[in-house]
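Here is a briefing on charged side chains and how they pair. Look at the structure first, then read the points below.

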Amino acid sequence: MATVLSGCATTEPPHRVPPPKSLPASPSAPATAPPASAPTAAAARVVLTRSGGFAGRGDTVTVEPDGRWSVVDRAGSRRTGRLSGADLDRLRRLVADPALAAEAGRPPTPTACRDAFSYRLTVGTVETGYVDCPSDGGPPATARAVVELLVTATG
């Protein structure tokens, strides 16, 4: 055994692969790129809570960044699935839209409706919502688009 091991010994340094040559930096390119782990709205968990209505619903839809979703109703029943590629792409575009953050910054308005659905949408740290009441005026457009997409895709 000693003979075999001594035959493998070498006095040469280990072979090293030279690092790849880098291309010259473009004058318009930033000096450093943001870290790959920087969070974005499109990579955040989306949670939609729908409550109210005549029957007193209480549903929570949770969509993970990869498109997996679950719906838990007021009674605790759970359904799961995965958004289609087209729905996931649309959801990502909607939650990355700066209009959603702007809608979240608006103060809530009191509602004139009873037994209307109330929607609460959370995307990462951004929270917005509305009551689906025609006499209150129009709901925030981007939040409503996200709600409609999630209700339809997970329904």
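A salt bridge here is a side-chain nitrogen of Lys or Arg within 4 Å of a carboxyl oxygen of Asp or Glu. The model is predicted. By this rule the count comes to 5 salt bridges. One of them joins the side chains of Asp132 and Arg144, at 3.5 Å from N to O.

- Asp132 lies in the loop between strand E6 (126-131) and helix H4 (141-154), while Arg144 is in helix H4, so their pair ties together parts that are 12 residues apart in sequence.
- Arg144 also forms a salt bridge with Glu148, with an N to O distance of 2.8 Å.
- Arg144 and Glu148 are 4 residues apart in helix H4, so about one helical turn separates them.
- Glu148 is partly exposed, with a relative accessible area of 42%.

**The Arg50 and Asp59 pair**

- The side chains of Arg50 and Asp59 meet in a salt bridge, 3.2 Å from N to O.
- Arg50 is buried, with a relative accessible area of 15%.
- Asp59 is buried as well, at 8% relative accessibility.
- The cut-off for buried is under 20% relative accessible area, so both values qualify.

**Glu103, buried without a partner**

- Side chains of opposite charge can pair when their charged atoms come close.
- Which side chain of opposite charge is nearest to Glu103? That side chain is Arg106, 5.2 Å away.
- Glu103 is found in helix H3, which spans residues 98-104.
- Which residues does Glu103 touch, not counting those up to four places away in sequence? The contacts are Thr128, Pro140, Ala141, Thr142 and Ala143.

Conventions:
Residues numbered from 1 in each chain as written. Predicted model: local features only at pLDDT ≥ 70, side-chain atom pairs only at ≥ 80, totals over all residues. Heavy atoms only, no water. Helix = DSSP H or I, 4+ residues; strand = E, 2+ residues; numbered from the N terminus. Buried < 20%, exposed > 50% of the residue type's maximum accessible area, 1.4 Å probe, protein only. Lys, Arg positive; Asp, Glu negative; His and termini not counted. Contact = heavy atoms within 4.5 Å.
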